[in-house]
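Please read these notes with the model open beside you. They go point by point, and each point keeps to one part of the chain.

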Amino acid sequence: MKVKNVLPYMPLVWVCACLWGGWTGCSRSALERDNWQIQRKVTETDPLKIVTTTGMIADAARRVGGRWVSVKALMGPGIDPHLYKAREGDVLLLADADLILFNGLHLEGKMTDILKQLTDYTPTVPVAEAIPETLLISPPEYEGNYDPHIWFDVRLWMMVVQTIREVLIELDSLHAREYRRNAEEYLQRLEVLHQYVLQRSREVPPSIRVLITAHDAFNYFSRAYGFEVKGLQGISTAAEAGISDVRELAEFIVQRGIPAVFVETSVPPRYIEALQEAVRARGFEVRIGGSLFSDALGSPGTPQGTYLGMVRHNIDTIVSALLSRPLSVSSLWEKR
Ligand SMILES: [Zn+2]
């Protein structure tokens, strides 16, 4: 691994260590320090090399960085970040990066060690960990840790975009004005998106405004947009769904008459299919309402290959499935 001169990055390394380790006495305002400027002139032919873990972070970095950055995401479409392990090529990319952006809050559970090691050599920023703790959700089953799926609340994702803007300005102050302008434009589009998700959510009657998916990725979505959410697997896909989980959820669906459940692009559909079977065994029919992009973007070049398109796809899929008529009318359905 190429070992870089650590000294120019020390303040950033310090910031990361603060965000990561929760050192006492560290302040998040340390992100505003200005002495970790990159030691070369960033140009269009020699842009800042940024490596991110998820596609969502890569998308944000491209929007804010514009022509002054070259961004690579390690985790492509359909990749599950909870289970992802760094490959040999990833290590080379990471070692060559000017800046590494990852989600943090234990999303990249299997990459923790390598990311920690890189913190010693390269600015390595857990972007979600700059969100104030009061805004993070700490579900009881996660035993004191925060839920990492913050991108499902567009307003929280806007904070991530602001963090990326500040990091880029610190590293490359020469182009600060452009980073600010790009961020401003993108933040405006995100605010429009947030309002769109709010407005679409309200189309679904509260009694069936329930989102059932394979794993608990949607807690922030639930809080921001007024959905009740239920996941089969818990917060990380590393935990298996048990038979009793399937049974319990099947009962819930039948009792509430929930018309649709959803699969996720980064989680195998077998759990949701098992759930659908269990519901059918109770004389009710729940449809698979579509595929949601939960922990990874869609393919590049498709609308879902961007954060804006992913969020829009998800809310449109959820709302149209929940408002659709049931596939078959069972006696239970008629009792509603
Ligand atoms: Zn997840």
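1. Helices (H or I, at least four residues) and strands (E, at least two) are DSSP runs, numbered from the N terminus.

2. On the basis of the model: it is predicted, local features need pLDDT of at least 70, side-chain atom pairs count only at pLDDT 80 or more, and totals for chains, interfaces and linings use all residues. Residues are numbered from 1 along each chain as its sequence is written.

3. Overall content. The chain has 11 helices and eight strands. Of its 336 residues, 44% are buried. A residue is buried if 20 or more other C-beta atoms lie within 10 Å of its own, exposed if 12 or fewer, and partly exposed in between, with C-beta atoms placed from the backbone. Among contacts between residues at least 6 apart in sequence, 69% join residues at least 24 apart. Two residues are in contact if their C-beta atoms, placed from the backbone, lie within 7 Å.

4. The four-stranded sheet. This open sheet runs in the order S2-S1-S3-S4, with parallel pairing. Two strands pair if DSSP finds at least two bridges between them. Strand S2 (69-73) and strand S4 (124-126) are at the edges with a single partner strand each, so one side of each has no neighbour in the sheet. From one strand to the next the twist averages 20 degrees. Axes are lines fitted to C-alpha atoms, for helices over the stretch in contact, and angles run from 0 to 180 degrees between N-to-C directions. Strand S1 (residues 48-52) and S2 are joined in the parallel sense by five bridges, and Thr52 stands opposite Ala73 in S2.

5. Helix H2. This helix (residues 55-65) packs on the sheet and touches S1, S2 and S3; its direction makes about 175 degrees with that of S2. H2 is mostly covered, with 11 of its 11 residues buried. The buried residues include Asp59, Arg62 and Arg63. Their cover includes S1, S2 and S3, and also H5, H6 and helix H10 (307-323).

6. The nonpolar core. What is the size of the largest nonpolar core, and which residues have the most contacts inside it? It has 87 residues, and those with the most contacts are Ala61, Leu101 and Ile164. A nonpolar core is a set of buried Ala, Val, Leu, Ile, Met, Phe, Trp, Tyr and Cys residues joined through C-beta atoms within 7 Å. Helix H5 (residues 154-171) gives the largest share of this core, 10 residues. The core lies between domain 1 (7-196) and domain 2 (202-334), because both give residues to it. Those domain bounds come from an automatic or database domain assignment. Not counting residues up to four places away in sequence, Ala61 touches Ile50, Thr52, Val69, Val71, Leu101 and Ile164.

7. Leu193. This residue is in helix H6 (residues 176-201). Leu193 is partly exposed, because 19 other C-beta atoms lie within 10 Å. Leaving out residues up to four places away in sequence, Leu193 touches Val154, Leu308, Val311 and Arg312. Leu193 and Leu308 are 115 residues apart along the chain, and their C-alpha atoms are separated by 7.1 Å.

8. The loop between S3 and H4. Most residues other than glycine have a negative phi. Leu105, in the loop between strand S3 (99-102) and helix H4 (112-118), has a positive phi of about 55 degrees. His106 lies in that loop too, with a positive phi near 65 degrees. Leu105 is partly exposed, with 19 other C-beta atoms within 10 Å, and His106 counts as partly exposed with 16 C-beta neighbours inside 10 Å.

9. All five residues of S7 (residues 260-264) are buried. In a regular strand the side chains alternate between the two faces of the sheet. Ala260, Phe262 and Glu264 point one way from S7, and Val261 and Val263 the other way. S7 and strand S8 (residues 287-292) pair in the parallel sense over four bridges. In S8, Arg287 is the bridge partner of Ala260, and Leu292 is that of Glu264.
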